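The sequence and the model are shown first.

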Amino acid sequence: MEEAALLGGCHPSESMDEVELKNIQLTIPSTRTLARGEGLALEERVETNFGSILVGIQGDRSKPAILTYHDLGLNYVSNFQAFFNYVDMRLLLQNFCIYHISAPGQEENAPTLPETYVYPTTDELAEQVLDVLIHFGLKRVVGFGVGAGANILCRFSLSHPEKMDALCVVNCVSTQAGWIEWGYQKINTRNLRSKGMTQGVLDYLMWHHFGKVTDERNHDLVYVYRQYFESNVNPVNLGMFIDSYARRTDLNIVRELDPMRKKDVRSLKMSVLNITGALSPHVDDTVTFNGRLDPVNSTWMKIQDCGLVMEEQPAKLSEAFRLFLQGQGYVPCLSSKKVSSNRKLSADSGVSGAGSSAGSSISLNNANSIISNKDAASNSSGVITPKGDGVPTAALINLNSSDPLSKNSDSRILDKGLSDIRITENPISESPELSNDADNNPRC
């Protein structure tokens, strides 16, 4: 039109005057919900020594197992559906079978538990996990827990370390409830049982999951969760779960640096990926938990610009989880390039990943970098958690390469991918037993 106007010797604006707007079509995007989607998982009731629980199975049962446990106010659907349907996770989970555990009475449309029902303690909830493994014939699993579920999976890992191959926890609390938390939870429990979902309980749940909600946060996501808590949660059953979590005991784990005494102390023997969001109210709790873990087999990771990590930064969390699994020997052929290609293919075909944020994923993998566990511990790359069995482990970044091109490439990848992520391999500055020398803090 502009070219025709110029050829005709008139100004482009004159020809635009003849354009008439005839129709406006409004497209309303589909409403995001936390309800169960079709074909998410096959559900099965499992009888345990402390009552029956609902387990959702997603994937091929012949493949390695990942076991999940949800947080307060949620169930396996509302806590994990969006994250495990994210485009990067769908590619990763083609190699696994996921077993989602819902705490008693927390599943969708759960009937109200009778007043005479004695809700299991956190230790008894952990023992239910063993009954689930026995029911499905699982010898070893990879654990993935959030909040209260992370605490429960830690208890199971301490009681049955031979059953847990690796453990990824988000916003994990390792101590018992303080007086302030205990008081709040008592009030919340009383209100839930007598009045239902009150504004005070709703505000607590929003704070528990998001931290402080400011103008910069994702208001649509906040609205979805607020509506979910108001309409889709059984208040009586949730009150029992919250009361059980408030009565939790300390994990009583100890960091022991003496190799001769390490085997005799109570600690998590498997590799642990300890994750939190920068805006989460549980950052200090994860730091405390991190200071009690063995620095050889644990990694602490803080993701910026989020409180609810699985919803606000699914790309970064899925990439970190993939690299963690590859450090344990799983999916060695799934490279960052393949993940990126799959993401582009999904975008071109119009298939979007679930989750509220589709930020760019971090790219850390170097397929040619192999280091031993001893080197990984001494170099403290702060990115990978090595297995403690002396078997060589794939490194994420080859910082010691003599190839200048490799160094430059790794440096560019690191600068681009870790701008919003802080990863430490048990940061020395946050351990009470170790020096506070900032120069020795392995931080990316």
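Is H160 buried or exposed? The model is a predicted one, and in it H160 has a relative accessibility of 15%. Buried means under 20%, so H160 counts as buried. Leaving aside residues up to four places away in sequence, H160 touches E127 and L130.

Helix 7 comes next. It runs over residues 179-194, which makes 16 residues. From the first C-alpha to the last, helix 7 reaches 23 Å, close to the 22 Å expected at 1.5 Å a residue.

Which residues of helix 7 are buried? They are Q185, N188, T189, N191 and L192. These residues cover an arc of only 165 degrees around the axis, so they lie on the same side of helix 7. The spacing follows a general rule: an α-helix has 3.6 residues a turn, so residues three or four places apart point the same way. Helix 8 (199-210) and helix 10 (235-246) are included in what covers the buried residues of helix 7. W179, R190 and S194 are exposed on the other side of helix 7. After helix 7 comes G196, which has a positive phi, near 90 degrees.

Now the whole protein. It contains 17 helices and 11 strands. Of its 444 residues, 52% are buried. Among contacts with a separation of 6 or more, 75% are between residues 24 or more positions apart. The accessible surface comes to about 21200 Å², and carbon and sulfur atoms account for 51% of it.

Notes. Residues numbered from 1 in each chain as written. Predicted model: local features only at pLDDT ≥ 70, side-chain atom pairs only at ≥ 80, totals over all residues. Heavy atoms only, no water. Helix = DSSP H or I, 4+ residues; strand = E, 2+ residues; numbered from the N terminus. Buried < 20%, exposed > 50% of the residue type's maximum accessible area, 1.4 Å probe, protein only. Contact = heavy atoms within 4.5 Å. Areas by Shrake-Rupley, 256 points an atom, 1.4 Å probe, with all protein chains shown as cover. Expected span 1.5 Å × (residues − 1). Arc of directions from axis to C-beta.
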